[in-house]
Amino acid sequence: MVSKGRLAGFIDAIIAVIMTIMLLEFELPKTGGILDFLKDNLVYLIAYLLSFIYVTTSWFNQQYMLSQAEKITRRIYHSCMIWVLSLSMLPVLSAWAGRTMDFFQDFGIHSPKAPALLFIVMIYIWGFAYSYMTDCFIADNPKEKAELIAQMDVYHYLRNPFWKIGMVISFIITFFYPPFVFIYTAGEMIIATIRSQNKKSST
């Protein structure tokens with residue numbers, strides 16, 4: 001089976017590509033004015049910054065699991081690929097949402113619903129993928145390591161019923177007010193960043 005080092009390197013490469021694609025989605029104005037840049041990219045800039053925090057926080061916690069794992073089974077490998085697949089949708093959906101939102105016209109009330117709703121669905125899929133990946137790391141590693149992984153705050157947060165309820169409520173609110181997707185994502189990232197306090201192994 002694949003080694004921890006090779007799996008970590010493969011995931012790092014994919015994360016780097018995802019972040020590069022997000023960066024390349026910015027539209028460069030033909031002039032040198034900062035206001036022209038913001039006019040063309042303000043909403044996407046918000047989407048980019050939120051997505052950047054989303055990806056890096058997610059990567060940080062996944063790397064913690066990899067560091068604690070003593071072996072990589074086929075099930076762990078497949079769960080990591082499902083998680084990476086959910087992250088790979090981020091550049092397209094964040095760019096689509098960022099390009100179609102217009103905060104300057106009725107505060108974005110009439111913005112298209114589909115990009116924002118799909119962004120929410122992507123977060124939901126990522127949450128389930130991350131929880132499943134964590135379950136696989138816990139099930140396929142020794143008890144001491146499994147307990148450290150199981151104690152991750154982000155893991156407990158995603159398994160909390162309130163997270164699932166919150167996702168449903170956010171989907172409904174976003175349906176009526178598409179820009180809410182950014183408000184929800186910002187709150188989600190603040191919570192995830194605060195909860196990324198993982199315990200170190202005693203060995």
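## Ground rules

The model is predicted, and local features need pLDDT of at least 70, side-chain atom pairs count only at pLDDT 80 or more, and totals for chains, interfaces and linings use all residues. Residues are numbered from 1 along each chain as its sequence is written, and side-chain values use heavy atoms, with hydrogens and water left out.

## Spans from the record

The unreviewed UniProt entry lists residues 7–24, 44–64, 76–96, 116–133 and 165–187 under "transmembrane region". These positions are given in the numbering used here, feature names are shortened, and annotations may be inferred rather than shown by experiment.

Residues 44–64 are 100% helix and 0% strand. Their end C-alpha atoms are 30 Å apart. Residues 116–133 are also 100% helix and 0% strand, with end C-alpha atoms 26 Å apart. Helices (H or I, at least four residues) and strands (E, at least two) are DSSP runs, numbered from the N terminus.

## The nonpolar core

A nonpolar core is a set of buried Ala, Val, Leu, Ile, Met, Phe, Trp, Tyr and Cys residues joined through side-chain atoms within 4.5 Å. Buried means under 20% relative accessible area, exposed over 50%, and partly exposed in between (1.4 Å probe, protein chains only).

The largest such core has 55 residues. Those with the most contacts inside it are Tyr 54, Val 55, Trp 83, Leu 87, Tyr 130, Phe 137 and Phe 182. Helix H5 (residues 113–139) gives the largest share of this core, eleven residues.

Trp 126 is found in helix H5. Trp 126 counts as buried because its relative accessible area is 7%. Contact means heavy atoms within 4.5 Å. Leaving aside neighbours within four places in sequence, Trp 126 is in contact with Tyr 54, Ser 58, Trp 83, Ser 86, Leu 87 and Leu 158. Trp 126 and Leu 90 are 36 residues apart along the chain, and their C-alpha atoms are separated by 9.9 Å.

Thr 134 is also found in H5. Its relative accessibility is 0%, so Thr 134 counts as buried. The side chain of Thr 134 reaches the backbone oxygen of Tyr 130 at 2.8 Å. Beyond its neighbours within four places in sequence, Thr 134 is in contact with Met 65, Ile 149 and Tyr 155.

Val 154 is found in helix H7. It is buried because its relative accessible area is 5%. Val 154 and Asn 61 are 93 residues apart in sequence, but 8.0 Å apart in space, C-alpha to C-alpha.

Helix H9 (residues 180–194) has 15 residues. It reaches 21 Å from its first C-alpha to its last, close to the 21 Å expected at 1.5 Å a residue. That expected span is 1.5 Å times one less than the number of residues. In H9, the buried residues are Phe 180, Val 181, Phe 182, Tyr 184, Thr 185, Glu 188, Met 189 and Ala 192. What covers them includes H2 (34–68), H4 (90–100), H5, H7 (153–159) and H8 (161–176).

## Cysteines without a bond

How many disulfides does a search of the whole structure find? It finds zero. A disulfide is a pair of cysteine sulfur atoms within 2.5 Å. For Cys 80, the nearest cysteine sulfur is that of Cys 136, 8.3 Å away. Cys 136 is in no disulfide either. Cys 80 is buried because its relative accessible area is 0%. Cys 136 has 2% relative accessibility, so it counts as buried.

Definitions and conventions: A polar contact is a pair of N or O atoms within 3.5 Å; within protein, one must be able to donate a hydrogen and the other to accept it, and residues adjacent in sequence count only if both atoms are side-chain atoms.
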